[in-house]
Amino acid sequence: MSRRMTVAIAMQPEVAALALTEELTARLDKSVDVQSGIIVDFATPVSRSRLADVDVLLTGWGCPLIDQAVLDAAPRLRAIVHAAGSVKHHLTPEVWRRGILVSSAASANAFPVAQYTVGAILLAGKRAFRLAHDYRQGRYKNKLADDTGNHERVVGIVGASRTGRLVLELLAPHGFRLLVSDPTLDARAAAGLHPAGQVELVDLDDLLDHSDIVSLHAPALPETHHLLDDRRLALLRDGAVLINTARGQLIDTEALFRHCADGRIDAVLDVTDPEPLPTGHPLLSLPNVMVTPHVAGAMGTEIRRLGEFAVTEIERLSADEPLRGGIHADQLALLA
């Protein structure tokens, strides 16, 4: 391009401080003109006037909705680069109808989620969460003779999303038997998710019935709401562990409580429905349920990974190179 692009930043200021370090800001300044200040509300007259000169919006958590009115105020806008995961909550379909390029750092955000998940799988196989609770209660025991350990465990991955695929890749060295269930896969594609082709494609009911540990990585869609309802939770074998780092709506919370309350299955939940759980919710008191406050995705120092991905995408735009995190309109229905 003969003219340097103008970039405006639209995200929570505290997010921008973590995502856009001095080094990354300096990289941006070499290839584009960055407007001073951060847009937190597109409705103000000052923000609308700033949009008139913008070629690229660099968005992140806390970005206001980008609808037709915002787009009308930004006639030069050619791209929206999101320094976070899903774009479903701040972009309307009008963005794609106008031919505006969209990029997301979802692949960068998938890595910490996959790390958390693999850590949870390994700890779950050791019964670490339940045993830690017992230890706090004065019951110290070494479960050498019980169904504890990770050797030759069967791990079922529900959803071959970015994160689900990365989890399968990271699990490859650990000697698990790996199952996957995803309606968009065939057996050949499933085998391709493992360096040695050792991933077996099964339907969801079979996966639940045969897995020691089940990890959810499906998007929140109408057809996946309560994907694990009472009937499917009952398919889990006694002693199974259910891990959810995807979306809370995938599980019927009340049914899950019933299946965990008698100790039949364990759960590790980074997301819940509702989120957050109300204070005193019975799931929070169960010794075999570990609940964390939606921390699996990029947090703290990890947010820099998202900013680095986004800055690299803007550099590619400036050089007229294709985006690596491009999101197309036909993908919207399957996004988390």
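Biologist: Where is the place of Pro276?
Modeller: This is a predicted model, in which local features need pLDDT of at least 70, side-chain atom pairs count only at pLDDT 80 or more, and totals for chains, interfaces and linings use all residues. Residues are numbered from 1 along each chain as its sequence is written, and side-chain values use heavy atoms, without hydrogens and water. Strands (E, at least two residues) and helices (H or I, at least four) are DSSP runs numbered from the N terminus. Pro276 is in the loop between E11 and E12.

Biologist: What is omega for the peptide bond that joins Glu275 and Pro276?
Modeller: Pro274 is also placed in the loop between E11 (266-269) and E12 (289-291), and the bond from Asp273 to Pro274 is cis, with omega near 5 degrees. Glu275 and Pro276 are joined by a cis bond too, with omega about -5 degrees.

Biologist: Is Arg127 buried or exposed?
Modeller: Arg127 lies in the loop between H6 and H7 (128-136). Phi of Arg127 is positive, near 60 degrees, in a residue other than glycine. Its relative accessibility is 8%, and the cut-offs are under 20% for buried, over 50% for exposed and in between for partly exposed (1.4 Å probe, protein chains only). Arg127 therefore counts as buried.

Biologist: What is the relative accessible area of His226?
Modeller: His226 sits in the loop between E9 (213-216) and H11 (230-235). Phi of His226 is near 55 degrees, a positive value in a residue other than glycine. His226 is partly exposed, with a relative accessible area of 26%.

Biologist: How are H6 and H13 oriented to each other?
Modeller: The axes (lines fitted to C-alpha atoms over the stretch in contact, with angles from 0 to 180 degrees between N-to-C directions) of H6 (residues 106-125) and H13 (residues 303-318) come within 8 Å and cross at roughly 160 degrees. Angles under 35 degrees count as roughly parallel, over 145 as roughly antiparallel, 65 to 115 as roughly perpendicular and the rest as oblique. H6 and H13 are therefore roughly antiparallel.

Biologist: Which residues in H13 meet H6?
Modeller: Contact means heavy atoms within 4.5 Å. On the H6 side the residues are Ser107, Ala108, Asn109 and Phe111. In H13 they meet Arg305, Leu306 and Phe309.

Biologist: At what angle are the ring planes of Tyr135 and Tyr140?
Modeller: The whole structure holds 1 aromatic pair (centres within 6.5 Å; planes under 30 degrees apart are stacked, over 60 edge-to-face, the rest tilted). The ring centres of Tyr135 and Tyr140 are 5.0 Å apart. Tyr135 is exposed at 52% relative accessibility, and Tyr140 is exposed at 63%. The pair is edge-to-face because the planes are at 70 degrees.

Note on methods: Rings of Phe, Tyr and Trp (its six-membered ring) pair if their centres lie within 6.5 Å; planes under 30 degrees apart count as stacked, over 60 as edge-to-face and the rest as tilted.
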